Amino acid sequence: MIDSKKIGQFIAAEREKCGFTQEQLAKKLYVTRQAVSKWERGIGTPDYELLSKLCEVLNVTPNEIIAGERKEKNNTQYVDNITIDILKDHTKKVKRIIAVSILIIFLLIASFLTYYFISTYNHLKIYKVSGSNEEFEMLETLAVFSNEEAYIKFGGIKSLNYEIENIEYYYMKDNEKMKIYSSEKGEALIIQHKGYNEYFDFKDIDTMIKSMMLDISYKIDGTLKKSTINLNVERVYANDNLIFNEEDIITNKDIEKLDLTEKNNLSKIKNNFIQNENNEYELSYTDENNKKINMVYNLDLNSFVVLETSKENIEEFYYWNDNNYEYHFNNKVDKISESLFNNGNIICNKGDCSTHKAKYDYFEENYINIYLK
């Protein structure tokens, strides 16, 4: 370790032995007298270039100046090894600084990762919402909640016989009804940002999950009635896995293979339709009755849609691979009817659906059996 005071005393003693004043020594070294004074008082030490010149003027070695004493028989090893010892000491200091720096960086990284883990772990959750009674059934509804945003896709309501006037979704808090959303069909995608309580308060999410309900206002023989359904909110996903198993990943290609091999034979679709950039197969033509036919098969959604357009009518046929059908009829005078067909049952959503069973049979015979079977 360098002893600045000892070095200063040594420089002063050797200067006096040579008969130099501080001013004279300063002129020989091309420095100020104040600089020499600071060295001798141990306030500072000469730099490397001045040290070499100082050794020449005072007739001493660099090791003797650094040691602060002349080399004698009894201190030979100390003076000769002084620079090595200083270098070792400096190396130890550097290593300590590096070690402390690494520790600080590690603690900062650990703190950040801990904060990130705490702020994100189990903070993305997806729920499936369902519910039914003897008169109504809630269609597929999903709710996604994160730290900053919430998304709820309401699917609407199925009804066999009733004309629905309004559907209202809500939850109970402190015995008070907290409205989320209402509309005639009950279909909607609502997006809630944290801090903007347009539909609900973010603080109420846990309460909402436990007590979500809906009221259905409907008419029977002109009389307005109301039916209430307690909804079941089931969590289907949360980012709470500490270890992610890559073997469980299913790629789009895997899904495509499953769809092609297990659900439908698409050879007729591929041979007769034109594939577009949206991974859909399309075919359009005009039949012998001058009716325009537009067909679209979506490979990702596994859906088949047919539109038949004539001067008077527009008919829409929808098919999903789980054997769900949907039919829309519009005679261009706003007389519209809509229905769903599943497991042999027709669910009329709108208008007069008395002829829809024949339409489903027609759709299956003229399109499904030809292109998908």
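Me: What should I know before reading the values?
Reply: This is a predicted model, where local features need pLDDT of at least 70, side-chain atom pairs count only at pLDDT 80 or more, and totals for chains, interfaces and linings use all residues. Residues are numbered from 1 along each chain as its sequence is written, and side-chain values use heavy atoms, with hydrogens and water left out.

Me: What makes Cys348 and Cys353 a disulfide?
Reply: Their sulfurs lie 2.1 Å apart. A disulfide is a pair of cysteine sulfur atoms within 2.5 Å. Cys348 and Cys353 therefore count as joined. The structure holds one disulfide.

Me: Why is the disulfide of Cys348 and Cys353 called right-handed?
Reply: The torsion about its S-S bond is about 65°, so it is right-handed.

Me: Are Cys348 and Cys353 buried or exposed?
Reply: Both are buried. Buried means under 20% relative accessible area, exposed means over 50%, and partly exposed is in between (1.4 Å probe, protein chains only).

Me: How do you know which accessibility class Cys18 and Cys55 belong to?
Reply: Cys18 has 34% relative accessibility, so it counts as partly exposed. Cys55 has 7%, so it counts as buried.

Me: What makes a space a pocket, and how big is the largest pocket?
Reply: On a 1 Å grid over the protein atoms alone, a pocket is an open set of points with protein on both sides within 12 Å along at least five of seven lines, where a 1.4 Å probe fits. The largest pocket has a volume of about 1400 Å³. A volume is the space filled by probe spheres set on the points, which are joined across faces, edges and corners.

Me: Which residues lie nearest the centre of the largest pocket?
Reply: They are Leu139, Gly155, Glu187, Leu340 and Asn349, out of 42 lining residues. Lining residues have an atom within 4 Å of a point.

Me: How many residues of the second largest pocket's lining come from α8?
Reply: Three, the largest share. This pocket holds about 310 Å³ of space. The elements giving two or more residues to its lining are β1 (125–130) and α8 (205–211). Helices (H or I, at least four residues) and strands (E, at least two) are DSSP runs, numbered from the N terminus.

Me: Which residues of helix α2 are buried?
Reply: Gln22, Leu25, Ala26 and Leu29 are buried in α2, residues 22–29. They cover an arc of only 100° around the axis, which puts them on the same side of α2. The arc is that of the directions from the helix axis to the C-beta atoms.

Me: What do the buried residues of α2 pack against?
Reply: They pack against α1 (4–17), α3 (33–40) and α4 (48–58). Contact means heavy atoms within 4.5 Å.

Me: What is the phi of Asp174, and where is this residue found?
Reply: Its phi is positive, about 50°, although Asp174 is not a glycine. Asp174 is found in the loop between β6 (163–173) and β7 (176–183).

Me: Why is Asp174 called exposed?
Reply: Its relative accessible area is 70%, so Asp174 is exposed.
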